[in-house]
Amino acid sequence: MPSANSKYRHLTAGEAAILEIIDENPEMRGWVESLRDSPFEQCETCQMLTFKSLKSFYGGQMFRANWDQVKDTAVKGCHTCRVLYFAYMGAKIEDSGLVRTAPRPIELCLTWARLEAGYWGNQFIFCKTGFMPDVPLDDCEKELNKIITTRFIEDDPGSDGAFALAESWILDCVASHDHCLNNQNVELPSRVLDIGEYITTGRAYLFISGGVKSTYVALSHCWGGDAPEDGLIRECTTKNYKELRAGFFVSRLPRTFQEAILVANQLGVRYLWIDSLCILQDSHSDWSHESELMSRVYGNSYVTIYASAAPNSDAGFLRCRPRDRRVRTKLCRVPDSLDRWIWIQWPGGEQVWNLDESAGPLWSRGWAFQELVLPPRVLEYGPHAMSLRCNTQHYEEDSRRNTGGTHDGYKELLWIMSLPDIINSPSLEHNSFSRDPGGTTMTVYRRWYNLVEGFAGRELTEETDKLPAIAGIADKIRQITGDSYMAGLWKNDIATGLCWGVGTRRLPSKYIAPSWSWASTIGTVRYPIPDDLKFSVELVDWKIEADPLNPLGEVSHGFITIGALMRPFDISGDNVHTQEDYDHEAQKVRVNLKRTRDRSNFRYSPLKFPLSDQEEVRDPRAGGTCAMWFDVEPTEDLKEVLLVDLKAESYNMKLERPSGSFKPEGIILQSAMTERFEATGTAVYKRIGLWGRSDAWAEWLEEGEESAVLEGWKQTDITII
């Protein structure tokens, strides 16, 4: 990996790594071009390399006495030695300054998808092994396929070979996956692009489906910032609607849209859905109506193209990857073959400057989240590779095995929900997808909370899009459960739904949702709830005022009235920080509670208040604390809050020491008032956080000794806005 301040920062990380090596070794400058364009050459030693001799089972093969010998044959023209020497120099630069191991002979050894070539200092030297993209899996013996699992990535994601690979994944999914809908004869969305004449005339037109059944592809993409005024057709509006209906040249579309049409055509699909061209962007009523249908639009697609390589509509996602981002050549022949070769490559993987660059901007966008979860198949064109995620598995461009990669956790919800025993089960539980037969049991609601955690921190241009941007997934869960949706929460699991905590303490600039909904905040959200923790509350009354055209979308007002145990809690005094020391004699942790008025650590962890300062408390050892995970920083004039206990009556919570995992017991409320309730005299509150107890003496309590207990609870009906 090149240094972060490399002078080649404007290039890909792989190109920079190679150029930094050449800067230190100018004689290697011509090697990259020769490896790419010159006829293949091997020295006598490399000509003797065989798959059998290199396998780790046989201990590998002695290669050279030292790296100077490798350099000598590389200088003389051996392509294999040139790639190996690049790998050596890369390890040497990356390992700069570390203690060196004594020089020793170089042994080459094939160990799963890579060729090991010894060490430099503490740095492992290896090249990735693999086959070129055109080598079919069936062409190689079983033992070889177990070790050489890599397919090298196409330089051109728009090549015939890349399209053929993508199509083979999709056909395999449709033919062999019981839990992936084939969606080859479904009702089309309200409007789609008809690209049937694209090849012959270069034209497409906006088609009003009117309930017609067929097959279509959807596109998930980044819109980007303000578009230039270049005359391209970027969106459908009431002004250009008739023009789009009549037909237009595809060349008038931004590059990302043109390439989506190319992919759909290569897959043999006539219809394509693109949000900006199939929804009237200057009509609120049309936008609201169509956004309510997102679960069907993406859920019924044959495949959704996930254009994560394109930061905007103009960039495109089929750009050729720089050939000089790696060096690659042949290693040895496939056994019993004259024209099939095992290849080696350095750097081993696609080098990136940072993780954001490896994923692409689409992965941080809020609207794109449900576009990843809802479709039965997602064909991703990423910055460095292509992949297909379906409800059953994950296909990767650099893997020769269709089982390569791991099952996508977000799409697991849709996989589970397609099972008959889930649909017919009152508990709505099923073992999570796992290669371990044991698995874990998780309700559909718990899966929803996992999805909320993955969605909430994503970026939205408009804050008020938070609920509309996940409405498609909510609609899918509503179809299965028949439950009522309450601005991000579910009526039949309202107690658990209330127990979210924020990762980023920031409120929106305008109203998004009631304070008791996770959607009322900006930034990441967590549901810190252990599997065994159960919640319960009586829902006395509730009301949500939502967009009538999309009841699962934008919300203008809402309240709940719940019946639960409640008590006041004084936060005007000290909070405590903890210091832990291990008592070796007792083999337990001793916790010291240090009182302070300093709340500077609040942004990183909950505030902890000593229970001994409160009225109506049983705390014999004076070690009890109440941790409060506030949604926003409490103001200095806030002296008292209201705690609501949401634990199920039958649940007996065992307290842990303060440094243990935070276990919520309920929510924190603050008095509020609005004009809606002022006339009726109804006292209303807003949610401001979560609370949970801990005990510094939790590990020291004797048999039958009680942990710290809060008393003074009263059963009350209370309204929260």
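Modeller: Helices (runs of H or I, at least four residues) and strands (runs of E, at least two) are DSSP runs, numbered from the N terminus. By that numbering, Gln-587 lies in the loop between strand S26 (575-583) and strand S27 (588-596). The model is predicted, so local features need pLDDT of at least 70 and side-chain atom pairs pLDDT 80 or more, while totals for chains, interfaces and linings use all residues. Residues are numbered from 1 along each chain as its sequence is written, and side-chain values use heavy atoms, without hydrogens and water.

Biologist: Why is helix H5 called oblique to helix H6?

Modeller: The axes (lines fitted to C-alpha atoms over the stretch in contact, with angles from 0 to 180 degrees between N-to-C directions) of H5 (residues 67-75) and H6 (residues 79-94) come within 8 Å and cross at roughly 135 degrees. Angles under 35 degrees count as roughly parallel, over 145 as roughly antiparallel, 65 to 115 as roughly perpendicular and the rest as oblique. The angle of roughly 135 degrees therefore makes H5 oblique to H6.

Biologist: Which residues make this contact?

Modeller: Contact means heavy atoms within 4.5 Å. From H5 come Trp-67, Val-70, Lys-71, Thr-73, Ala-74 and Val-75, and from H6 come Cys-81, Arg-82, Leu-84, Tyr-85 and Tyr-88. These residues of the contact of H5 with H6 divide into eight nonpolar (Ala, Val, Leu, Ile, Met, Phe, Trp, Tyr, Cys and Pro), two charged (Asp, Glu, Lys and Arg) and one polar (the others, Gly among them).

Biologist: How do you know how helix H1 is oriented to H6?

Modeller: H1 (residues 13-24) and H6 pack at about 90 degrees, with their axes 10 Å apart. That angle makes H1 roughly perpendicular to H6. Ile-18, Glu-20, Ile-21, Ile-22 and Glu-24 in H1 meet Phe-86, Met-89, Gly-90 and Ile-93 in H6. By class, the contact of H1 with H6 has six nonpolar, one polar and two charged residues.

Biologist: Why are H2 and H6 called oblique to each other?

Modeller: The axes of H2 (residues 29-37) and H6 come within 10 Å and cross at roughly 130 degrees. H2 and H6 are therefore oblique to each other. Trp-31, Val-32, Ser-34 and Leu-35 in H2 meet His-79, Arg-82, Val-83, Tyr-85 and Phe-86 in H6. Six nonpolar, two polar and one charged residue make up the contact of H2 with H6.

Biologist: What is the volume of the largest pocket, and which helix gives the most to its lining?

Modeller: A pocket is an open set of points on a 1 Å grid where a 1.4 Å probe fits, with protein on both sides within 12 Å along at least five of seven lines, and lining residues have an atom within 4 Å of a point. Of its 41 lining residues, Trp-223, Gly-224, Glu-235, Gln-281 and Thr-461 are closest to the centre. Helix H16 (367-373) gives the most to this lining, with three residues. The lining of the largest pocket has 17 nonpolar, twelve polar and twelve charged residues.
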